[in-house]
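Colleague: I have a two-chain model open and would like to learn how to read it. Could you take me through its features one at a time?

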Amino acid sequence: MLKPYVCVACEKVIIAQDGVASLIALFSKIILTIPAGTEIPRDAVAPKEWAVFSIWDPEPGDDLRKFFLCTQILYPDETQFGQIAKSKFNIEPNKRSQMNMQIQGFPIGQAGEYKIRSWIEENDKKISDPIQFGIEVIMNFTAAPTGASTVTPP
Amino acid sequence: MSYRCPVCMFPSLLYPPTNYHICPCCSTEFGNDDADFSHQQLREMWIGNRAPWFFGNPPAHWNPWMQLMQAGLASYVPKEFRAASFQSSAVLRQSVAGNINLPNYSNQNLPQIPVAA
């Protein structure tokens with residue numbers, strides 16, 4: 001069965017015509033800088049594209065099977081964000097399989113560690129242990145801007 | 001067949017957005033609400049109310065901001081959500097592995113290089 005070789009989160013993946021992948025900006029945390037007093041709702045999503053990129057080593061015969069890569073994002077309180085993304089593997093004998101799951105936004109409704117979890121399914125059954133890594137969301141509250149100009153006493 | 005709401009971009013309307021059909025997501029009544037306001041104005045009003053789901057229960061794991069982004073309308077996401085930056089907390093040690101796979105010559109087996117007389 002497919003064995004994981006790489007699984008990372010990054011801002012962008014560039015795939016050359018010959019299939020060589022370049023990963024841009026591997027990240028492990030998201031910092032949100034907002035004025036003090038700003039309320040971030042539970043369903044907030046930062047409009048930043050990112051990707052979960054993975055590479056898998058096949059075993060003989062894997063090219064004859066239908067595997068799906070499933071990716072799930074969990075909030076710090078372990079509730080799920082969005083749907084579980086499912087993508088079919090394209091497997092060729094003796095070649096590594098590259099999977100690029102692009103996601104259009106990152107949830108920011110809770111501060112803390114989000115979990116990115118990926119696993120393989122065959123016939124709608126989980127057949128591998130999940131690969132899991134964390135992305136931390138940190139909220140930095142800055143001093144609220146004051147509208148009035150300050151007057152320096154003489 | 002399903003249709004997309006031109007206001008909130010909900011992609012699964014059962015009926016075309018005309019003839020007084022109502023979007024279950026943003027509550028726009030087509031032919032009535034959009035007679036008085038443009039779709040953009042209705043969208044801004046819906047977002048101004050924090051983009052709530054209107055009728056019944058929303059689809060599982062529905063998110064209004066992802067719905068807008070997937071329709072190419074990320075610019076409508078509140079600006080405080082946009083103040084996010086990706087960063088790494090990893091430490092880095094760079095090294096150059098110059099000795100890997102290079103033959104280790106001793107004085108006894110130095111390669112013979114012809115030298116001009």
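Modeller: Start with B:Met9, which is buried because 20 other C-beta atoms lie within 10 Å. Keep in mind that this is a predicted model.

Colleague: Where does B:Met9 lie relative to helix 1 of chain B?

Modeller: B:Met9 sits in the segment before helix 1 (33–36) of chain B. Check its backbone too. Phi of B:Met9 is positive, near 70°, and the residue is not a glycine.

Colleague: Now strands. How do I read the two faces?

Modeller: In a regular strand the side chains alternate between the two faces of the sheet. Look at strand 6 (residues 68–74) of chain A. A:Leu69, A:Thr71 and A:Ile73 point to one face and are buried.

Colleague: Which strands of chain A pair with strand 6 of chain A?

Modeller: Strand 7 of chain A pairs with strand 6 in the antiparallel sense, over six bridges. In that pairing A:Thr71 stands opposite A:Ala85. Strand 10 of chain A also pairs antiparallel with strand 6, over seven bridges. There A:Gln72 stands opposite A:Arg117.

Colleague: How many residues lie between the strands in the hairpin of strand 6 and strand 7 of chain A?

Modeller: Five, and A:Glu78 in that hairpin takes a positive phi near 75°.

Colleague: On to helices. What is the general idea?

Modeller: An α-helix has 3.6 residues a turn, so residues three or four places apart point the same way. Take helix 2 of chain B, where B:Leu42, B:Arg43 and B:Trp46 are buried. They cover an arc of only 100° around the axis, which puts them on the same side of helix 2 of chain B. B:Gln40 and B:Gly48 are exposed on the other side.

Colleague: What do the buried residues of helix 2 of chain B pack against?

Modeller: They pack against helix 1 of chain B. After helix 2 of chain B comes B:Arg50, with a positive phi near 70°.

Colleague: How does chain B look as a whole?

Modeller: Chain B has three helices and one strand. Along the sequence the pattern is α-α-α-β. Of its 117 residues, 22% count as buried.

Colleague: Which strand of chain B pairs with strand 3 of chain A?

Modeller: Strand 1 (residues 84–87) of chain B, in the antiparallel sense, over four bridges. B:Ser85 is the bridge partner of A:Ile31.

Colleague: Last, the nonpolar core. Which residues touch the most other members of the largest one?

Modeller: In this core of 37 residues they are A:Val45, A:Ile108, B:Cys5, B:Cys8, B:Cys26 and B:Trp65. The largest share of this core, four residues, comes from helix 3 of chain B. Apart from this core lies another, of six residues, among them A:Leu2, A:Trp56, A:Met99 and A:Ile120.

Colleague: What is A:Val45 in contact with, leaving aside neighbours within four places in sequence?

Modeller: In chain A, the contacts of A:Val45 are A:Gly105, A:Phe106, A:Pro107 and A:Ile108. In chain B, they are B:Asn63, B:Trp65, B:Met66 and B:Phe81.

Methods. Residues numbered from 1 in each chain as written. Chains lettered and ligands numbered in written order. Predicted model: local features only at pLDDT ≥ 70, side-chain atom pairs only at ≥ 80, totals over all residues. Pairing = 2+ DSSP bridges. Helix = DSSP H or I, 4+ residues; strand = E, 2+ residues; numbered from the N terminus. Core = buried A, V, L, I, M, F, W, Y, C linked by C-beta atoms within 7 Å. Buried ≥ 20, exposed ≤ 12 C-beta atoms within 10 Å, placed from the backbone. Contact = placed C-beta atoms within 7 Å. Arc of directions from axis to C-beta.
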